[in-house]
Amino acid sequence: MIELKEYKGHIRNWNTLCDELQIDKEQDAKNREREIITKGYERWGEDVVNHLIGMFSFAILDEDKIYCVRDHFGTKPFYYYVTEENDLLFGNQIRKIMSQDGFKKEFNHDMLQLYLNFTYCPGEDTMFKGVKKLLPGRYLTFENGKLEITRYFKPEFHPEEGKSLDEWADEISNTMDEIVKEVKLPDEEAYSFLSGGVDSSYVLAITDATTACSIGYDETALGDKAVYNGVRYNEADLAKETAEHFGRKFSLKEVGPEEYFDEIPFVMENMEMPLGDASAVTFSLGCKAAAAQNPLCYSGEGADEFFGGYNAYRNPVNIDKIKNKAYIGSTSIMREEEKQKLLKSYNPNVQPFDMVKDLYKETEGEPAINTMSMIDIINYLEGDIYLNVDKTSTAHGLEIRMPLTDIRMFDIASRLPADFKVTEEQNKIALRTAASKVLPEEVAFRKKLGFVVPVRFWLAEEPYASKIREKFTSPSAEKFFNTDELVKILDEYVNGNSNFWLKTYVIYVFLVWYDIYFG
């Protein structure tokens with residue numbers, strides 16, 4: 001007997017699959033999708049995953065065999081754990097595994113060492129020893145006590161020459177038109193997260209989202225810090241202009257320091273692993289505000305990694321690092337000598353480059369942007385971006401769908417020549433050109449700002465600096481760190497060296513997370 005034990009996600013090509021598998025289209029959407037997976041497995045076996053398009057993770061019990069799947073890019077999480085008795089525990093939450101018989105909770109010291117480089121947990125291991133992620137584009141089988149993992153999808157790049165920029169933009173536009181027809185049902189109402197950037201603006205423009213949800217900050221409270229390195233922290237005015245241009249309602253959630261710091265423990269508990277991405281807390285508050293109004297929201301993740309959206313991709317320093325095999329990702333924040341001073345126990349065999357060395361082999365001889373994109377798709381998207389989107393939205397009862405994250409969009413990106421992704425002057429060129437068909441020119445080609453958060457200033461203010469100092473000298477900190485070195489980092493930051501803000505934040509949220517799960 002085949003039984004679907006675990007499922008999370010949204011199947012986009014459900015209409016075609018219902019015809020192929022003779023499934024009633026009028027039933028409840030979640031029941032319909034569960035039937036698609038089970039009947040698809042009955043027909044195609046393990047190959048069912050190659051028939052599904054969308055965001056998903058699931059587990060099927062087939063007599064004595066367990067079959068577990070995670071989608072192409074890892075938008076939905078999936079974890080597993082083999083007990084001392086050789087039983088397989090699994091689920092889309094680590095807490096589900098922790099509640100099952102045979103689980104032993106142990107801290108993974110090696111992952112802390114990597115986390116201090118990446119600001120998230122890269123690769124298949126987690127902060128819980130023995131708990132592993134099923135990585136994107138893979139399925140797992142467990143039968144007769146034997147575990148096997150098969151990779152069914154790898155994000156490779158094979159540029160095609162001969163097409164003009166306009167032809168590539170037309171292909172992007174036409175593909176997005178098809179995807180938008182699938183991301184929701186006609187009777188569902190969707191809102192859409194909106195920043196000042198092109199990705200979220202493009203999603204708003206081509207969908208029927210009724211309301212644009214934005215997150216901002218009180219500029220009067222920020223004072224002369226409202227602009228940092230030429231970047232405004234508050235993109236709400238830009239987002240509002242775009243919403244009004246398309247005649248959509250506009251909903252703004254303003255975030256201040258007290259609410260931000262109060263939200264950190266909630267985010268770390270629901271993330272299940274520490275995440276040093278400061279925008280995750282702001283995004284959580286945005287999800288909470290959106291969920292209070294509507295249960296479904298779009299978001300624009302995926303395009304940067306697919307189409308060359310990060311400024312890092314055209315930074316000569318990073319391109320030089322690629323040539324010297326020194327680039328591990330744009331979020332690397334600590335050198336090994338720093339970690340050796342910080343950590344009481346340092347394992348020289350745990351090196352951050354080990355997380356990317358195979359990706360260098362796979363992209364040997366290709367343009368630097370292909371290697372950087374591959375690193376971010378494999379590590380950063382899965383370990384940070386999609387983790388954040390899924391965990392924070394789920395915690396607040398909000399369902400998020402990401403139209404730009406789609407295997408068909410990556411297919412275009414994989415064939416797109418590097419010159420149509422980035423130049424010295426511009427990034428995401430082909431996508432911006434496609435977006436300019438529906439967006440005002442100044443929005444489509446607006447400089448990428450990123451989701452910046454003024455926590456870099458709040459951390460140095462009271463009472464927050466004192467809270468951090470308390471954590472940095474706590475018994476939990478004493479277990480792992482030379483606390484006098486932690487205090488030096490904090491003092492350096494409070495005394496005006498803003499380069500230390502992220503190190504301060506990353507260590508602080510780790511200690512918050514540790515006290516929740518191991519304190």
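This is a predicted model: local features need pLDDT of at least 70, side-chain atom pairs count only at pLDDT 80 or more; totals for chains, interfaces and linings use all residues.
Where in the chain does Lys 325 lie? Lys 325 is in the loop that separates helix 12 (316-323) from helix 13 (336-342).

## Overall form

The chain contains 23 helices and 15 strands. Its radius of gyration is 23 Å, close to the 24 Å that the globule rule gives for 519 residues, so the chain is as compact as a globular protein of that length. Taken along the principal axes, the box filled by the C-alpha atoms is roughly 65 × 60 × 50 Å.

Of the 519 residues in the chain, 58% are buried. Contacts between residues at least 6 apart in sequence join residues at least 24 apart in 71% of cases.

## Surface and charge

## Strands 1 and 2

Strand 1 covers residues 2-11, and seven of its ten residues are buried, so strand 1 is largely enclosed by the rest of the structure. Its partner is strand 2 (residues 54-62), to which strand 1 is joined by nine bridges in an antiparallel arrangement. Within this pair, Ile 2 of strand 1 stands opposite Asp 62 in strand 2.

Strands of a sheet pair through backbone hydrogen bonds, either parallel or antiparallel.

Three strands make an open sheet in the order 5-4-6, and their pairing is antiparallel. Strand 5 (88-91) and strand 6 (132-133) are the edge strands, each of them pairing on one side only. Strand 4 (residues 79-82) is joined to strand 6 by two bridges, and these two strands run antiparallel. Opposite Tyr 80 stands Lys 132 in strand 6.

Gly 74 belongs to the loop between strand 3 (65-70) and strand 4. Is Gly 74 buried or exposed? Gly 74 has a relative accessibility of 1%, and because the cut-off for buried is under 20%, Gly 74 counts as buried. Leaving aside neighbours within four places in sequence, Gly 74 is in contact with Pro 136 and Tyr 386. Between Gly 74 and Leu 134 there are 60 residues of sequence separation, while their C-alpha atoms are 8.7 Å apart in space.

## The hairpin of strands 7 and 8

Strand 7 (residues 138-143) and strand 8 (residues 146-151) run antiparallel and are joined by six bridges. Phe 142 has Leu 147 in strand 8 as its bridge partner. The two strands form a hairpin with two residues between them. In the turn, Asn 144 has a positive phi of about 55°.

Glu 33 has its place in helix 2, which spans residues 29-44. With a relative accessible area of 2%, Glu 33 is buried. Which residues does Glu 33 contact, leaving aside its neighbours within four places in sequence? They are Tyr 7, Gly 9, His 10 and Ile 11, and these residues fall within strand 1 (residues 2-11). Val 82 is 49 residues from Glu 33 along the chain, and the C-alpha atoms of the two are separated by 28 Å.

## Backbone features in loops

Gln 22 is in the loop between helix 1 (14-21) and helix 2 (29-44). Its phi is near 55°, a positive value in a residue other than glycine. Gln 22 is exposed, at a relative accessible area of 69%.

Lys 325, in the loop between helix 12 and helix 13, has a positive phi of about 55° although it is not a glycine. The relative accessible area of Lys 325 is 40%, and the residue is partly exposed.

A cis peptide bond runs from Glu 462 to Pro 463, with omega near 10°. Pro 463 is found in the loop between helix 19 (455-458) and helix 20 (464-472).

Terms used: Residues are numbered from 1 along each chain as its sequence is written. Side-chain values use heavy atoms; hydrogens and water are left out. Helices (H or I, at least four residues) and strands (E, at least two) are DSSP runs, numbered from the N terminus. The radius of gyration is taken over C-alpha atoms; the globule rule is 2.2 Å times the number of residues to the power 0.38. Buried means under 20% relative accessible area, exposed over 50%, partly exposed in between (1.4 Å probe, protein chains only). Contact means heavy atoms within 4.5 Å. Two strands pair if DSSP finds at least two bridges between them.
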